[in-house]
Amino acid sequence: MKKWILVCASLGILMSCQTQKKEGINIRVENISSNDFENVIINTSTGNVDFGKLKAGEKSDYKTFETAYSYAYAQVDVNGKTYTFQPMDYVGEEPLSNGSYTYQLDTHTSDQSESLVLTLVKD
């Protein structure tokens, strides 16, 4: 019986550690569009980070970044089409402070263009 309690307690501790956010800049991605996303890539200036697939309305897990800004390069695939949000640069921008943030992504399609919109939310 004691071994069973020890195993359950250990599993509980391990599971709680996995859901805790790390110290630093923690960012997740939320798909606020009506489309499912594939190949979600975010680059906050330190390299591409793969967030995988996100169904419409879904949020990813948090990932920790060394440096991030209120906007970032973002790319998603929707039904075989690639949508991109491309910052020009980060000149004059202040890096985000430690904390948790969500990059909300939405797609917009018009007769003339298809675009990806990124909005930062502080969690």
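What percentage of the 123 residues in the protein chain is made up of buried residues? Buried residues account for 34% of them, where buried denotes under 20% relative accessible area, exposed over 50% and partly exposed in between (1.4 Å probe, protein chains only).

The model is predicted, so local features need pLDDT of at least 70 and side-chain atom pairs count only at pLDDT 80 or more, while totals for chains, interfaces and linings use all residues. Residues are numbered from 1 along each chain as its sequence is written, and side-chain values use heavy atoms, with hydrogens and water left out.

**View 1. Overall fold of the protein chain.** The protein chain contains 1 helix and 8 strands, arranged along the sequence as α-β-β-β-β-β-β-β-β. Helices (H or I, at least four residues) and strands (E, at least two) are DSSP runs, numbered from the N terminus. Of the contacts between residues at least 6 apart in sequence, 59% join residues at least 24 apart; a contact requires heavy atoms within 4.5 Å. The chain exposes about 8100 Å², of which carbon and sulfur atoms supply 51% (Shrake-Rupley method, 1.4 Å probe; for residues, only the protein chains shown count as cover).

View 2. T102 belongs to strand 7 (residues 99-109). Because its relative accessibility is 2%, T102 counts as buried. The side chains of T102 and R28 are joined by a polar contact of 2.8 Å (a pair of N or O atoms within 3.5 Å; within protein, one must be able to donate a hydrogen and the other to accept it, and residues adjacent in sequence count only if both atoms are side-chain atoms). Leaving aside neighbours within four places in sequence, the residues in contact with T102 include V29, E30, T119 and D123.

**View 3. Aromatic pairs, with F51 and F65.** Rings of Phe, Tyr and Trp (its six-membered ring) pair if their centres lie within 6.5 Å; planes under 30 degrees apart count as stacked, over 60 as edge-to-face and the rest as tilted. By this rule there are 3 aromatic pairs. F51 and F65 are stacked, 6.5 Å centre to centre with 15 degrees between the planes. This pair links F51 in strand 3 (residues 48-54) to F65 in strand 4 (residues 63-65), 14 residues apart. Both F51 and F65 are buried.

**View 4. The Y69 and Y90 pair.** Y69 and Y90 are stacked at 4.3 Å centre to centre, with 15 degrees between the planes. Y69 lies in the loop between strand 4 and strand 5 (73-78) and Y90 in the loop between strand 6 (81-85) and strand 7, so the pair ties together parts 21 residues apart in sequence. Ring pairs link Y69, Y71 and Y90 into a cluster.
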